[in-house]
Amino acid sequence: PPFDDEYDEIPLDGTAAYDWIHNQYLGGSASHDEDDFVRITDLLRSGLVPAPQRAALLDALSRIPGVTSKGGVTNLDGIEGVAIGRDEPMRWGNHDEVIVDPATGRVIGERTVSGTTFFGWGVGEVVSSSATSATVVDEAP
């Protein structure tokens with residue numbers, strides 16, 4: 001992830017944050033939209049993005065074509081949040097999601113939902129899931 005002062009480069013407006021990420025595209029990923037989604041979720045997943053920039057990035061996610069959100073989704077630890085995800089047609093329609101704590105906007109987990117039948121998985125089945133947590137400590141081990 002970038003250094004703390006580099007988070008200052010993230011615009012605080014959702015439209016501007018979307019444009020900021022979208023205009024950095026250098027190719028790669030299955031599509032430009034997938035690249036935007038992955039780079040934003042990578043930033044959010046770091047847990048280091050300050051709240052104002054995090055809010056702008058969450059808004060920017062909603063501007064990516066095909067992005068959906070769904071409340072009441074639990075992470076691997078059973079903690080409920082809002083899943084923000086998108087289908088990637090170039091990846092067999094898999095639906096990749098980050099699960100966000102609605103009170104803080106912090107990523108609390110991720111999951112992938114199958115978009116097709118393969119290797120024994122059916123359409124709509126969760127094929128991977130994780131949980132993420134953070135704790136403040138007095139000192140690092």
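Helix axes here are lines fitted to C-alpha atoms over the stretch in contact, and angles run from 0 to 180 degrees between N-to-C directions. The model under view is a predicted one.

**First stop: α1 and α2**

Select residues 14-22, which form helix α1, together with residues 32-45, which form helix α2. The two helices pack at an angle of about 110°, and their axes are 10 Å apart. This angle makes α1 roughly perpendicular to α2, because angles of 65 to 115 degrees count as such. The crossing of α1 past α2 is right-handed.

Next, display the side chains at this contact. From α1, show Tyr18, Trp20, Ile21 and His22; from α2, show His32, Asp36, Arg39, Ile40 and Leu43. Coloured by class, the contact of α1 with α2 comprises 5 nonpolar, 2 polar and 2 charged residues.

**Second stop: α1 and α3**

On the α1 side, select Gly14, Ala17 and Tyr18, which meet Ala56, Asp59 and Ala60 of α3. The classes in the contact of α1 with α3 are 4 nonpolar, 1 polar and 1 charged.

Turn now to the strands. The open sheet has 5 strands in the order β1-β2-β3-β4-β5, with antiparallel pairing. Strands β1 and β5 (126-131) stand at the edges with a single partner strand each, so one side of each has no neighbour in the sheet. From one strand to the next, the twist averages 20°.

Select β1 (residues 67-74) and β2 (residues 80-88), an antiparallel pair with 6 bridges. Within this pair, Thr68 may be located opposite Gly85 of β2. Then move to the hairpin of β1 and β2, where 5 residues lie between the strands. Gly78 in this hairpin takes a positive phi near 85°.

Further along the sheet, select β3 (residues 94-100) and β4 (residues 107-113), which run antiparallel and are joined by 6 bridges. Ile99 stands opposite Gly109, a residue of β4.

**Last stop: α2 on the sheet**

Finally, show α2 with the strands. Which strands does α2 lie across? The helix lies across β1, β2, β3 and β4, and α2 runs at about 155° to β2.

Conventions:
Residues are numbered from 1 along each chain as its sequence is written. This is a predicted model: local features need pLDDT of at least 70, side-chain atom pairs count only at pLDDT 80 or more; totals for chains, interfaces and linings use all residues. Side-chain values use heavy atoms; hydrogens and water are left out. Helices (H or I, at least four residues) and strands (E, at least two) are DSSP runs, numbered from the N terminus. Angles under 35 degrees count as roughly parallel, over 145 as roughly antiparallel, 65 to 115 as roughly perpendicular and the rest as oblique. A crossing is left-handed if the near helix is turned anticlockwise from the far one by less than a right angle, and right-handed if clockwise. Contact means heavy atoms within 4.5 Å. Ala, Val, Leu, Ile, Met, Phe, Trp, Tyr, Cys and Pro count as nonpolar, Asp, Glu, Lys and Arg as charged, and the others, Gly among them, as polar. Two strands pair if DSSP finds at least two bridges between them.
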